[in-house]
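Here are my notes on the model you sent. Please read them with the sequence and the structure open.

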Amino acid sequence: MRATQAIGFGGPEVLVPTEVPEPVAGPGQVLVAVAAVDTIFVETQVRGGWGREHFQVTAPYLPGGGIAGTVRATGEGVDPAWRGRRVVASLGIAGGGYAELAPAPAEGLAAVPDEVSFTDAAALVHDGVTAARLLDTTALRPGEQVLILGASGGMGTVLVQLAKAAGARVVAVARGDRKTALVRELGADAVVDATRPGWVERAREALGGAGADVVLDGVGGEVGLAAFPLVRAGGRFSAHGAPTGRFAPVAPADAAARGVRLLGIADVQLTAPEHAALAARALRAAAEGTLRPVIGATFPLERAAAAHAAIESRELVGKAVITV
Ligand SMILES: NC(=O)c1ccc[n+]([C@@H]2O[C@H](COP(=O)([O-])OP(=O)(O)OC[C@H]3O[C@@H](n4cnc5c(N)ncnc54)[C@H](OP(=O)(O)O)[C@@H]3O)[C@@H](O)[C@H]2O)c1
């Protein structure tokens, strides 16, 4: 079958189209005929060699962690009624989704409603799930203020919409005219351009009063750290993002001194059934039209390298989705 393999760690060019043997569905698994695959930032980082202490990945490997497609076959112990159904599944970093067929654990499947396209479904496999989880773990309530860093990214665009739907006032930070325009269009109440000098002060003004009840940091590094003083005493700060290369290095003692509840990447790691439940929630919202994944470009499987390059260039407005 056709696939795209990472033949080593390095630039996008290590992603090379190839032919590999067809997999089979093992016990507890289904075999999915893949239609679309999401690309999330961390997949570009792992391909580049980052985070090897956290991700047990050796090259060559088949990337592709979030797939949407049709169940072709079921393995031992799996309800055969899954056959022929449209589904999404989360497979992990070296998940094998960059291929025509991918095995997936049945306990993590969520059915895709007819109203939702495979590309939209794939775009939500991770972003929709993690965003919903973040709103759950930070317990964002109606009337509260939330500051979202990296608001124009795949997950950021979902967070803006979910936070608005939850009744929060959203202050969004994004980079440049096109990206700030996008998050405004998605419903942010105030938007701050991170490329302008003094963006932290602008964000403070936009928040007013005591600051943000919740900060959702999808960027990390010095940017995330600079936003820490913007959360009010007693608020919640989620440092789950590291496109800058590291999570916001907020000292737990500083958070404790201000009574701020500090959350991190571990708080958004889910079991397969938890993932399936949140994926179903995101797909339902997409079917009802209350959640719109923002897809900036689609790339055929053979051009997965171009999808990664588009993400890394930071020029794409919206997500890159790979179609098979
Ligand atoms: N997607 C998920 O389900 C998930 C799950 C767990 C954790 N996370 C983490 O959340 C973060 C966002 O993930 P994503 O998948 O939504 O990625 P994404 O769609 O590529 O978004 C990345 C965001 O970070 C910004 N960014 C990229 N490089 C940057 C840099 N060097 N400095 C400052 N900002 C930068 C981008 O905007 P600009 O380039 O315009 O600044 C964009 O807003 C990642 O760190 C990821 O690991 C995501």
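1. The ligand shell. The ligand is surrounded by 27 residues, counting a residue when its C-beta atom, placed from the backbone, lies within 6 Å of the molecule. Phe-41, His-126, Gly-153, Gly-154 and Arg-314 are the closest. Helix 1 (41-47), helix 2 (118-137) and helix 3 (154-165) each give two or more residues to this shell. Helices (H or I, at least four residues) and strands (E, at least two) are DSSP runs, numbered from the N terminus.

2. Ground rules. This is a predicted model, in which local features need pLDDT of at least 70, side-chain atom pairs count only at pLDDT 80 or more, and totals for chains, interfaces and linings use all residues. Residues are numbered from 1 along each chain as its sequence is written.

3. The shell holds 11 nonpolar, 11 polar and five charged residues. Here Ala, Val, Leu, Ile, Met, Phe, Trp, Tyr, Cys and Pro count as nonpolar, Asp, Glu, Lys and Arg as charged, and the others, Gly among them, as polar.

4. The domain bounds come from an automatic or database domain assignment.

5. The C-alpha centres of the two domains are 28 Å apart. Six residues from domain 1 and seven residues from domain 2 make the contact; two residues are in contact if their C-beta atoms, placed from the backbone, lie within 7 Å. On the domain 1 side, four of these residues are nonpolar, one is polar and one is charged.

6. The core. The largest nonpolar core has 101 residues. Such a core is a set of buried Ala, Val, Leu, Ile, Met, Phe, Trp, Tyr and Cys residues joined through C-beta atoms within 7 Å. Val-32, Ile-67, Val-88, Ala-122, Leu-147, Ile-148 and Ala-172 touch the most other members. Helix 2 gives the most to this core, with 11 residues.

7. Ile-148 and Ala-163. Beyond its neighbours within four places in sequence, Ile-148 contacts Gly-156, Leu-159, Val-160, Ala-163, Val-170, Ala-172, Val-173 and Leu-216. Ala-163 sits in helix 3. Ala-163 counts as buried because it has 29 C-beta neighbours inside 10 Å. The cut-offs are 20 or more other C-beta atoms within 10 Å of its own for buried, 12 or fewer for exposed, and partly exposed in between, with C-beta atoms placed from the backbone. Leu-135 is 28 residues from Ala-163 in sequence, and their C-alpha atoms are 7.4 Å apart.

8. Helix 5. Which residues of helix 5 are buried? They are Ala-203, Ala-206 and Leu-207. These cover an arc of only 95° around the axis, so they are on the same side of helix 5; the arc is that of the directions from the helix axis to the C-beta atoms. Exposed Glu-201 and Glu-205 are on the face turned away from the buried side. The cover over the buried residues includes strand 8 (145-149), strand 9 (169-174), strand 10 (190-193) and strand 11 (212-217). Just after the helix, Gly-208 has a positive phi of about 60°.

9. Ala-206. This residue counts as buried because it has 21 C-beta neighbours inside 10 Å. Apart from neighbours within four places in sequence, Ala-206 contacts Val-171, Ala-190 and Val-192.
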